[in-house]
Amino acid sequence: MKFKNILLDKELPLAIITINRPEKLNALNRETIQELHHAFDHCDQDLETKVIILIGSGEKAFVAGADITEFAHFSVEEGGKLAAIGQEMLFDFVEQLSTPVIAAVNGFALGGGLELAMACHFRVASHNARMGLPEVSLGVIPGYGGTQRLPQLVGKGRAMEMIMTAGMIDVERALEFGLVNHVVSQEELLAYCKKIALKISNNSMVAIGQAIKAINAGFKNSTNGYAVEIEAFGACFGTADFKEGTSAFIDKRKANFKGA
Ligand code: COA
């Protein structure tokens, strides 16, 4: 398979997917999201691939978020669609994959990057990783499942604080929060993930697929928080604060929010 923004390496029984836009800190544009969908789907169909590891290219970032330049001028309707399509195509898709997916968080995992890491089945980070959901600093909210998966993983109060402050946490804090399962050096990260993946691959893949389904089922509520997130995310696109937040990022200046 040929991709422009990602690399797919098969080291059977493992597959390694690398998001490969290091000059943009691996920010997720529309094309990258589509390519990731195809790569995950392909690996899931391939019975010889038993575990997938997802990592970012370069030494600085796993993924620094959704590509801000792509959505800065979106309307309310386009904003809602962006979240709905992205969630279905990538984030929910990865979470529900029957092939296990490990996120190797090798640097910044911010916004959509942390949301993608959280959609993976579990996370291992390198010491230099920094994690956060900075969306409210741009006048928007997490739209790729972050308002749902962060509280599931770290608890409601910690998620509230992380989302409201838009701050980043280091790996010691992420480990304490249960957001990542292990922390290792950057050099060791991929080898460490492969070791866990090989251990998983000795087990019954049918049983693991069923376990993933059962574990995920326990987190589905009767009120669909993801749908509420999509609507609230879209509503942000109609605010002056959103226009100010995204223009400030693009112009490389501090945002001056008016609260409207
Ligand atoms: N979308 C689009 N471009 C992004 C991006 C994003 N989410 N994150 C980083 N980039 C781009 C930068 O614009 C820059 O591009 P340029 O060289 O063409 O100007 C390049 O990636 C390198 O990033 P830079 O900001 O120069 O690196 P830094 O080391 O100074 O800062 C971060 C690193 C992660 C703190 C900073 O890039 C950042 O705050 N990114 C946005 C994070 C965010 O808000 N994500 C949530 C999106 S919803």
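Two residues are in contact when heavy atoms lie within 4.5 Å of each other. The model on screen is predicted: local features need pLDDT of at least 70, side-chain atom pairs count only at pLDDT 80 or more, and totals for chains, interfaces and linings use all residues. Residues are numbered from 1 along each chain as its sequence is written, and side-chain values use heavy atoms, with hydrogens and water left out.

Select Phe40. Not counting residues up to four places away in sequence, Phe40 touches Ile17, Ile52, Leu54, Leu90, Phe93, Val94, Leu97 and Val101. A nonpolar core is a set of buried Ala, Val, Leu, Ile, Met, Phe, Trp, Tyr and Cys residues joined through side-chain atoms within 4.5 Å; buried means under 20% relative accessible area, with a 1.4 Å probe and protein chains only.

Next, select Val171, in helix α7 (residues 171-177); a helix is a DSSP run of H or I, at least four residues, numbered from the N terminus. Val171 counts as buried because its relative accessibility is 1%. Beyond its neighbours within four places in sequence, its contacts are Ala125, Ser126, His127, Ala129, Met131, Val180 and Val183.

Last, select Phe71, Phe74, Phe233, Phe237 and Phe242, which form one aromatic cluster. Phe237 and Phe242 are both buried. Rings of Phe, Tyr and Trp (its six-membered ring) pair if their centres lie within 6.5 Å; planes under 30 degrees apart count as stacked, over 60 as edge-to-face and the rest as tilted. The whole structure has six aromatic pairs. Phe237 and Phe242 form a tilted one, 4.2 Å centre to centre with 40 degrees between the planes.

Conventions: Buried means under 20% relative accessible area, exposed over 50%, partly exposed in between (1.4 Å probe, protein chains only). Helices (H or I, at least four residues) and strands (E, at least two) are DSSP runs, numbered from the N terminus.
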